Amino acid sequence: MALLDLLGRRWSLRILWELREVALTSRALRAACDEASPTVLQTRLTELRTAGFIALADNGYALTPLGRELLENFLPLHRFAERWSRRAGT
């Protein structure tokens, strides 16, 4: 339940998604997250770092191996959502 609570918080999943291919600075993450509030963004970054999903690297925030594993587990859900969206016409 703790994992679902963390991932259900605003911007958590989006931050993980944006970091899936490349490390990003706080500023780049904020832009990628549709100008999320800097306070909320920093709170989520701290929470995700504490949970072990992201780490601060030389070139910004990056997924840890645990964070990559988490995203790998979410990819089937993402693919399902894309199929559902096409079928539902949304």
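## Salt-bridge network

Asp5, Arg9, Arg44 and Glu47 are linked in a network of salt bridges (a side-chain nitrogen of Lys or Arg within 4 Å of a carboxyl oxygen of Asp or Glu). The model is predicted: local features need pLDDT of at least 70, side-chain atom pairs count only at pLDDT 80 or more, and totals for chains, interfaces and linings use all residues. Residues are numbered from 1 along each chain as its sequence is written, and side-chain values use heavy atoms, with hydrogens and water left out.

Aspartate 5 pairs with arginine 9, with closest N and O atoms 2.5 Å apart. Aspartate 5 is partly exposed at 42% relative accessibility (buried is under 20% relative accessible area, exposed over 50%, partly exposed in between; 1.4 Å probe, protein chains only). Arginine 9 is also partly exposed, at 29%. Glutamate 47 bridges to arginine 44, with closest N and O atoms 3.1 Å apart. Both lie in helix H4, three residues apart, about one turn of the helix. Glutamate 47 is partly exposed at 22%, whereas arginine 44 is buried at 13%.

## Other salt bridges

The whole structure holds seven salt bridges. One of them joins arginine 20 to glutamate 21 (3.9 Å, N to O). Arginine 20 is partly exposed at 31%; glutamate 21 is exposed at 68%.

## Helix H4

H4 spans residues 38-51 (helices are DSSP runs of H or I, at least four residues; strands are E runs, at least two; both are numbered from the N terminus). Its 14 residues reach 20 Å from first C-alpha to last, close to the 20 Å expected at 1.5 Å a residue (1.5 Å times one less than the number of residues).

The buried residues of H4 are Leu41, Arg44, Leu45 and Leu48. They cover an arc of only 105 degrees around the axis, so they sit on the same side of H4 (the arc is taken from the directions from the helix axis to the C-beta atoms). The face turned away from that side carries exposed Thr39 and Thr50. Glycine 52 follows H4, with a positive phi near 90 degrees.

## Packing around H4

The buried residues of H4 pack against helices H1 (2-7), H2 (12-18) and H3 (26-32), and strands E1 (54-57) and E2 (60-63). Serine 12 lies in H2. Serine 12 is buried, with a relative accessible area of 0%. Leaving aside neighbours within four places in sequence, serine 12 is in contact with Leu6, Leu7, Arg44 and Leu48 (heavy atoms within 4.5 Å).
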